[in-house]
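I opened the notebook to record what I looked up in this structure. The entries are in the order in which I made them.

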Amino acid sequence: MDLLNTLVDKGLRRELPTREEALAVLATSDDDLLDVVAAAGKVRRHWFGRRVKLNYLVNLKSGLCPEDCSYCSQRLGSTAGILKYTWLKPDEASQAAAAGLAGGAKRVCLVASGRGPTDRDVDRVSETIKAIKDQNEGVEVCACLGLLSDGQAERLREAGADAYNHNLNTSESTYGDITTTHTYADRVETVQKAHAAGLSACSGLIAGMGESDEDLVDVVYSLRELDPDSVPVNFLIPFEGTPLAKEWNLTPQRCLRILAMVRFVCPDVEVRIAGGREVHLRTMQPLALHLANSIFLGDYLTSEGQAGKADLEMIADAGFEVEGADQVTLPQHRADAAAGGCGSHAETGCGSHAETGCGSHAEAGCGSHGDAGCGSQAEAGCGSHAGGGVCGTASVPAAAEPRTDLVAVRRRGAGTDLAPNA
């Protein structure tokens, strides 16, 4: 297919595809899906080999958010039965992080619900970062605390934070349809503040909220322009008790096409499969590793994820390897730019976003936030996460039906007395 050959050539050169080419990827048929995965996989392997970076979320403060993001289980007015608790103490957060690091994660993502941190909140998170880094040499720490005020990104950087996550989530033209308590421009400004402070910027999207193909392409092109180092791709978890509870718009095939489009537009950045992979990719998750080079291990903010052991087995069975703590995630040209302290790629041309890619991570926090956390099978038996079921006899909904059986609220780990999933 000429389209795919063209996109592979552009990806290997870090050249931006046309909007028409990006839209054409989303419009490909299921018959062509494996060809699309194979083509985007060439770009992924060129820049990242067969390595998969593992990240681990710690929800520092859950629920009770004043923002009205329609996708989020922690939003104002949500009746989702999620865990609700105030700030974890630094030693509690460090203990939670240790579980993920023991499972092979090299980055810990510290997330807190809310519009944005107060200066006291920044102090709390700074103490938590120090506690984690004192006990785990070489660990990367990313903060996700919502909208930043002037000077807060610099304080987080001084405290030892390596990255800051704040997702754009959807296109600028449709942003007001999902959130009214802050603006798209507010989000862009926070990503720019993180860049300017010398933090590695992580910013991504949520697919499955009823957006058009044009909206998906718009937000990914906006991310490329912002030039984050990592781009988390979340797939909406339609939590009961939220405005988007009935939005079941994704199939595994569409999720793969979205990931392929992101890889072609952002060829040399860390593309992370974030919230919702277990709910929407389901048994197709291993194919997604040919497109993305990063995933979350274990549970998400407010929902359960696939068992950590199953994640590691999936990576090995698909022929990939877990990225080691001593390995550099980003390609050399991006790693050099980051090491040079090039705060704002847009202004300094470091890595030059005209040539490079887009960034990311994941999933997010609230206010920024939240993405939706994410669902999944976790430990529950065949076909049904929440309730188990007996192998061979479980009733599995038809492919076109909503898989509400795969959405499980997190009841373990941070904020509970139960061991985390990692």
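**Entry 1: the chain**

I noted at the start that this is a predicted model, so every value here is computed from predicted coordinates. I counted 15 helices and ten strands in the chain. I then looked up burial and found that 62% of the 422 residues count as buried. For contacts, I took pairs with a separation of 6 or more and found that residues 24 or more positions apart account for 79% of them.

**Entry 2: helix 9 and helix 10**

How do helix 9 and helix 10 pack, and at what angle? I found an angle of about 35 degrees between helix 9 (residues 213–226) and helix 10 (residues 252–265), with the axes 10 Å apart. The crossing of the two helices is right-handed. On the helix 9 side I listed Asp 213, Leu 216, Val 217, Val 220, Tyr 221 and Arg 224 as making the contact. On the helix 10 side the list reads Arg 254, Ile 258, Met 261, Val 262 and Val 265. I sorted this contact by class and got eight nonpolar residues, three charged and no polar ones.

**Entry 3: the cavity**

How many cavities of 30 Å³ or more does a search of the whole structure find? I got one. The largest cavity has a volume of about 110 Å³. Its lining holds 14 residues, and I noted Tyr 56, Leu 57, Tyr 300, Arg 410 and Ala 414 as the closest to the centre. I asked which element gives the most to the lining of the largest cavity. Strand 1 (residues 51–61) does, with four residues. By class, the lining of the largest cavity divides into eight nonpolar, three polar and three charged residues.

**Entry 4: positive phi**

I next looked up backbone angles. Most residues other than glycine have a negative phi. Arg 14 is not a glycine, yet I read a positive phi of about 60 degrees for it. Arg 14 sits in the loop between helix 1 (2–12) and helix 2 (19–26). Leu 64 also went on the list, with a positive phi near 60 degrees in a residue other than glycine. I placed Leu 64 in the loop that runs between strand 1 and helix 4 (90–102).

Is each of these residues buried or exposed? Arg 14 counts as buried because its relative accessibility is 18%, and the cut-off for buried is under 20%. Leu 64 has a relative accessible area of 66%, so I wrote it down as exposed.

**Entry 5: Ala 105**

I located Ala 105 in the loop between helix 4 and strand 2 (107–112). Its relative accessibility is 8%, so Ala 105 counts as buried. Which residues is Ala 105 in contact with, leaving aside neighbours within four places in sequence? I found Leu 54, Asn 55, Tyr 56, Gly 100 and Leu 297.

**Entry 6: Glu 240**

I found Glu 240 in the loop between strand 7 (230–235) and helix 10. Leaving aside neighbours within four places in sequence, Glu 240 is in contact with Ala 80, Ala 245 and Lys 246. I also looked up the pair Glu 240 and Thr 404, which are 164 residues apart in sequence and 9.0 Å apart in space, C-alpha to C-alpha.

Arg 115 is in the loop between strand 2 and helix 5 (119–135). I recorded Arg 115 as partly exposed because its relative accessibility is 37%. The C-alpha atoms of Arg 115 and Asp 68 are separated by 9.8 Å, and the two residues are 47 apart along the chain.

Ala 196 lies in helix 8 (residues 184–196). With a relative accessible area of 52%, Ala 196 is exposed, since the cut-off for exposed is over 50%. Glu 154 is 42 residues from Ala 196 along the chain, and I noted 8.6 Å between their C-alpha atoms.

Conventions. Residues numbered from 1 in each chain as written. Predicted model: local features only at pLDDT ≥ 70, side-chain atom pairs only at ≥ 80, totals over all residues. Heavy atoms only, no water. Axes fitted to C-alpha atoms, helices over the stretch in contact; angles between N-to-C directions. Left-handed = near helix turned anticlockwise from the far one by under 90°. Contact = heavy atoms within 4.5 Å. Nonpolar A, V, L, I, M, F, W, Y, C, P; charged D, E, K, R; others polar. 1 Å grid on protein atoms, 1.4 Å probe; cavity = no way out; pocket = protein on both sides within 12 Å on 5 of 7 lines; lining within 4 Å. Points joined across faces, edges and corners; volume = space filled by probe spheres on them. Buried < 20%, exposed > 50% of the residue type's maximum accessible area, 1.4 Å probe, protein only.
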